[in-house]
Structures are given as C-alpha cells and as structure tokens.
Amino acid sequence: MEKLKQEVERLLIVCDRKIRPQNIDVPSIKSALVKEISNYLYYLSASDGMIHEKEKRFLNALVDKDLTLKDMAGYIQRNNIYTKEFEQKLPEIYKCLLNDPEDAKLYIDVFSKIGKEFIVIDSKAD
C-alpha cells in the first residue's frame with residue numbers, strides 16, 4: 001500500500017504543477033485526484049455486484065478515508081458509478097494532462113497499478 005501511496009503522491013506533484021484548480025472547478029487538485037481514484041475504485045468494486053470489506057479497507061487506506069460499506073454503496077448508486085455514462089466520461093484531471101503524453105502516461109500507469117492491486121484484493125475477498 002505504501003508504494004501505491006507514493007505513486008499517487010508523485011502523480012499529485014505533477015498535477016499540482018500542471019493544473020490550476022479553477023480550470024476544473026475544484027477546491028484543490030488533491031481533492032479532485034482523490035475523487036477520481038475513489039470513483040475508479042467504486043467502479044471496480046461495483047463491477048461484480050458486491051462491495052467487499054477488503055475493498056473498503058483498500059480504498060480507505062489509499063485515500064485516507066473512513067467509509068463504511070453502506071457509504072460506498074450509497075455513493076455508487078447516487079452517482080451512477082456503474083453505468084455506460086460513467087464509463088464513457090473522461091476524468092477531469094486526465095483530460096488536463098492529455099497535452100503532455102508523459103504526464104498522461106503517468107496518470108494511466110498509476111491508475112493501472114491501483115486497479116491491479118484492487119483486483120487482487122477483490123479476488124481474495126471471497
């Protein structure tokens with residue numbers, strides 16, 4: 001988990017240098033990145049129709065939250081996380097990084113690592 005947190009921190013440093021919060025209408029780049037990571041993990045969690053305790057712990061540890069399974073389920077439902085509409089929408093931070101292929105690749109790499117670790121947790125949840 002610590003290595004993933006370091007990767008997220010590295011991405012945050014790049015985002016802080018490249019993106020102004022007002023460009024994406026957020027209070028801070030960190031809050032926007034945390035939201036994108038959380039949404040991504042909510043989406044992965046919802047993909048099997050069940051949110052597991054290990055998934056909740058993973059998300060909470062990665063983004064320093066204290067959510068319950070009920071919190072997660074409610075958020076997923078309220079925000080239509082597991083829908084075609086959500087799948088087709090590009091994350092705001094990613095859109096801001098598209099002008100620099102290296103930065104865009106870092107974003108994809110970090111999210112890929114997060115997703116792989118999360119899927120491993122999910123496969124052990126049963």
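1. Of the 126 residues in the chain, 40% are buried. The coordinates come from a predicted model, and the points below should be read accordingly.

2. The overall dimensions may be taken next. The radius of gyration of the chain is 14 Å, which agrees with the value near 14 Å that a compact globule of 126 residues would have. Along the principal axes, the C-alpha atoms occupy a box of roughly 40 × 30 × 25 Å.

3. As to secondary structure, the chain contains 7 helices and 0 strands. Read from the N terminus, the order of elements is α-α-α-α-α-α-α. Among contacts between residues at least 6 apart in sequence, 67% link residues that are at least 24 apart.

4. Helix H1 spans residues 2–18 and helix H3 spans residues 53–63; their axes lie 9 Å apart and the packing angle is about 50°. On the H1 side the contact involves Leu4, Lys5 and Val8, and on the H3 side Phe58, Ala61 and Leu62. By class, these residues comprise 5 nonpolar, no polar and 1 charged.

5. How do H2 and H4 cross? Their axes come within 10 Å of each other, at an angle of roughly 95°. Since 65 to 115 degrees counts as roughly perpendicular, H2 and H4 are therefore described as roughly perpendicular to each other. Lys35, Asn39, Tyr42, Ser45 and Ala46 of H2 meet Met72, Tyr75 and Ile76 of H4. The contact of H2 with H4 divides into 5 nonpolar, 2 polar and 1 charged residues.

6. Which residues of helix H4 are buried? Within H4, residues 69–78, they are Met72, Gly74, Tyr75 and Ile76. The cover over the buried residues of H4 includes helix H2 (29–46) and H3.

7. Is Arg78 buried or exposed? Its relative accessible area is 61%, and because a value over 50% counts as exposed, Arg78 is assigned to that class. Between Arg78 and Tyr43 there are 35 residues of sequence separation, and their C-alpha atoms are 13 Å apart in space. After H4 comes Asn80, whose phi is positive, near 50°.

8. Leu90 lies in the loop between helix H5 (84–88) and helix H6 (92–97). The relative accessible area of Leu90 is 39%, which means that this residue is partly exposed. Leaving aside residues up to four places away in sequence, Leu90 touches Lys95 and Leu98. From Leu90 to Glu53 the C-alpha to C-alpha distance is 28 Å, with the two residues 37 apart in sequence.

How values were computed:
Residues numbered from 1 in each chain as written. Predicted model: local features only at pLDDT ≥ 70, side-chain atom pairs only at ≥ 80, totals over all residues. Heavy atoms only, no water. Axes fitted to C-alpha atoms, helices over the stretch in contact; angles between N-to-C directions. Helix = DSSP H or I, 4+ residues; strand = E, 2+ residues; numbered from the N terminus. Contact = heavy atoms within 4.5 Å. Nonpolar A, V, L, I, M, F, W, Y, C, P; charged D, E, K, R; others polar. Buried < 20%, exposed > 50% of the residue type's maximum accessible area, 1.4 Å probe, protein only. Rg over C-alpha atoms; globule rule 2.2 N^0.38 Å. Parallel < 35°, antiparallel > 145°, perpendicular 65-115°, else oblique.
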